[in-house]
Amino acid sequence: MNRADIIVGLQWGDEGKGKIVDNLAQKYDYVCRFAGGHNAGHTIVTDGKKYALHLIPSGVLNKDAINIVGNGVVLSPKDFIKELEQFDDIEGRIFISDKAHLILPYHAEIDQARERLKGDKAIGTTGKGIGPAYGDKITRVGHRVGELLNPQKLTKDIMSYFNINKPIFDAMGVQTPNESELLEELKGYNKELAKYIVDTTLMVWDALDSEKRVLLEGAQGTMLDIDHGTYPYVTSSTTISAGACSGLGIAPQQIGDVVGIAKAYCTRVGNGPFPSEDLGEDGNYLREKGGEYGTTTGRPRRCGWFDAVAMKHAVKLNGVSNIALMKLDVLDGMETIKVCVAYEIDGKEIDYVPYSLEGAKPIYKEFKGWKESKGVKEFNKLPQEAQDYILELEKLCGSKIGIISTSPDREDTIIRD
Ligand code: GDP
Ligand code: IMO
Ligand code: MG
């Protein structure tokens, strides 16, 4: 029996997971998403062509890989159908768990209404309905993808949910469709998606039992995890490696390597604490040079320095066996590079992630910059200062950095062992 390997984000998302999953997918038979929804935006660049994936696993460009959307994902049929249109050869290569929960348009409306009502306390969600859909799942009033196979019954069930919640929806200004509109919508989803809906738990078990190579693709990042992130400024799912077990139905003993993805600096989109954020010139430089604008919402990402304290925390939480350090080239040309090595909170210096990062001030160590790493494919061809930076990050984070990325392109990747 084989073990499944995991790719997981170690910061606040957008670390470059898509590029590494695509790169590694060439060596895997199955690529499976285990959490999140179309809040994710994974960009892949290959042969000069750019793909933006939200729900489809980033293994899709490897024509031999089977792609699975696991039960831990929340799936918007409308957005999934739109995403499928990019590919004309996808049938038989993608499957959706019948146990994944549905995101329907009213979830997005609720999400946006809640954000509006929160005013300056807003989380800065993607507005895609992620929180309300996971909320419905946990409060046991959600609907699963398998229910799309009987649109008539699903329509009745959703209409009764609308009736129960009518006073709340009215107060929030949330619009809901009438029965015939809803039936038409769900019949449309059924027509497009029925062929992809299966019991993916059995599929993954069969794959592992028959020695297939299985890669599990995380979305978002560790610091956005519902339990371990900067709550409440987080997403609504388990983004860490443990989520891969429940999000696909795989036992912990069947997990192999955990590759953690991290940028050589740090970004965050949305609100909430970000101790190593740089609000000055360096932050702007990173945003422009790194193209730090959201794949899903187009929002400018907040930019700052590599946070080794949060990274050490993420390495432990995920059981990281190897880090892939991304976007090293974005630091090219900077005179000085900073790394956050401790926080000061209420006058005290600490080197771990506490209950809250609100008000945490960064304590930096400075490194000498380098001229050019862009496109380099071998570790010993990197400028000496870049090599020193990477070796020091390994010590600070307590993990090996086995993969280094020096451009968006699939090929511009250093594999150290
Ligand atoms: P994900 O959500 O973790 O998959 O990351 P995103 O796709 O949202 O954001 C990462 C962005 O960085 C994408 O636009 C990638 O094409 C780009 N990217 C990935 N690796 C590198 C790299 O090494 N250098 C540069 N300059 N860009 C990269
Ligand atoms: P990928 O997979 C970066 C952030 C949102 C917001 C918070 C909650 O591309 O790394 P949500 O819509 O999930 O309720 O928003 O989480 N967020 C992400 N930030 N990358 C992502 O995904 C994200 N998915 C959600 O910006 O701060
Ligand atoms: Mg992204």
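The model is a predicted one, in which local features need pLDDT of at least 70, side-chain atom pairs count only at pLDDT 80 or more, and totals for chains, interfaces and linings use all residues. Residues are numbered from 1 along each chain as its sequence is written, chains are lettered from A and ligands numbered from 1 in the order in which they are written, and side-chain values use heavy atoms, with hydrogens and water left out.

Let us begin with ligand 1. Around it stand 20 residues, and Lys17, Gly41, Thr43, Asp329 and Ser405 come nearest; a residue counts as near if one of its heavy atoms lies within 4 Å. This shell divides into four nonpolar, nine polar and seven charged residues, where Ala, Val, Leu, Ile, Met, Phe, Trp, Tyr, Cys and Pro count as nonpolar, Asp, Glu, Lys and Arg as charged, and the others, Gly among them, as polar. Both α1 (17-25) and β3 (42-46) supply at least two residues of the shell; helices (H or I, at least four residues) and strands (E, at least two) are DSSP runs, numbered from the N terminus.

Now look at the polar contacts, which are pairs of N or O atoms within 3.5 Å; within protein, one must be able to donate a hydrogen and the other to accept it, and residues adjacent in sequence count only if both atoms are side-chain atoms. A polar side-chain atom of Asp329 lies 2.8 Å from a nitrogen atom of ligand 1.

Ligand 2 comes next. It is surrounded by 21 residues, with Asp14, Lys17, His42, Thr126 and Thr235 the closest. Its shell has eight nonpolar, ten polar and three charged residues. A polar side-chain atom of Arg299 lies 2.9 Å from an oxygen atom of ligand 2, while a polar backbone atom of Asp14 is 2.8 Å from an oxygen atom of this ligand. On its own ligand 2 has 560 Å² of accessible area, of which the protein covers 98%.

What spaces do these molecules fill? The largest pocket has a volume of about 750 Å³. Of the 38 residues that line this pocket, Ile123, Thr125, Val234, Thr235 and Ser236 are the closest to its centre. Its lining draws at least two residues from each of α3 (105-118) and α4 (130-138). Here is how such spaces are found: on a 1 Å grid over the protein atoms alone, a pocket is an open set of points with protein on both sides within 12 Å along at least five of seven lines, a cavity is a set where a 1.4 Å probe fits but cannot get out, and lining residues have an atom within 4 Å of a point. Points are joined across faces, edges and corners, and a volume is the space filled by probe spheres set on them.

Finally, the backbone. A cis peptide bond joins Tyr231 and Pro232, with omega about 5°. Pro232 is found in the loop between β10 (214-217) and α8 (242-248).

Conventions:
Accessible areas come from the Shrake-Rupley method with a 1.4 Å probe; for residues, only the protein chains shown count as cover.
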